[in-house]
Amino acid sequence: MDVRNCKRCNKLFNYTGDSKMCPACNKEMDEKFFEVRDYIYKNPTAPMSTVAEECDVPLQQIKRWVKEERLSFSKESGVTMQCENCGKSILTGRYCKECKNVMTDKFTSFYQEKKPEHKSSTQSSNGKMRFLGN
Ligand SMILES: [Zn+2]
Ligand SMILES: [Zn+2]
């Protein structure tokens, strides 16, 4: 059993490999997430450091949420993340659209070998970004 100190409250907890915080702090962070999301929604131009300060959440945690695509900042906030593949500035997630497309293509062609035709998709995957636009 791997027991560690919680990064946040320093209590001992069973480390499972996916979080450096104890379950109680994780739960609290989950609640914080909504606070942060709300704050960003109301203050779309606030930089990440301000958000962290105002919501009392570590910057690293906010970055983590952004990487998980749970949070995204607007262009106006000046917050940028970098694509982990090509280094391009992005607003959310870990990879830019182009890299994502390439990865999805590889993924799909790997699993759907030799299908005679694929449906042309007209769907927009933009629902998440629209939230930021207004
Ligand atoms: Zn804790
Ligand atoms: Zn990229």
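A crossing of two helices is called right-handed if the near helix is turned clockwise from the far one by less than a right angle. With that term in place, I turn to the structure before us, which is a predicted model.

Helix α2 passes helix α3 in a right-handed crossing. Helix α2 covers residues 48-55 and helix α3 covers residues 59-67; their axes come within 9 Å and cross at roughly 115°. On the side of α2, the contact is made by M48, S49, V51 and A52, and on the side of α3 by L59, I62 and K63.

Let us now consider α3 by itself. Which of its residues are buried? They are Q61, I62, W65 and V66. Seen down the axis of α3, these buried residues fall within an arc of 145°, and therefore they line one face of the helix. They pack against α1, α2 and the strand β3, residues 81-82. After α3 comes E69, whose phi is positive, near 65°.

Finally, I come to helix α1, residues 23-42. Its 20 residues, at 1.5 Å a residue, should span 28 Å, and the end C-alpha atoms lie 29 Å apart, which agrees. Buried in α1 are C25, M29, K32, F33, V36, Y39 and I40. What covers these buried residues includes α2 and α3. The packing can also be read from the side of α3, whose buried residues meet α1 as well as α2 and β3.

How values were computed: Residues are numbered from 1 along each chain as its sequence is written. Chains are lettered from A and ligands numbered from 1 in the order in which they are written. This is a predicted model: local features need pLDDT of at least 70, side-chain atom pairs count only at pLDDT 80 or more; totals for chains, interfaces and linings use all residues. Side-chain values use heavy atoms; hydrogens and water are left out. Axes are lines fitted to C-alpha atoms, for helices over the stretch in contact, and angles run from 0 to 180 degrees between N-to-C directions. Helices (H or I, at least four residues) and strands (E, at least two) are DSSP runs, numbered from the N terminus. Contact means heavy atoms within 4.5 Å. The expected span of a helix is 1.5 Å times one less than its number of residues. Buried means under 20% relative accessible area, exposed over 50%, partly exposed in between (1.4 Å probe, protein chains only). The arc is that of the directions from the helix axis to the C-beta atoms.
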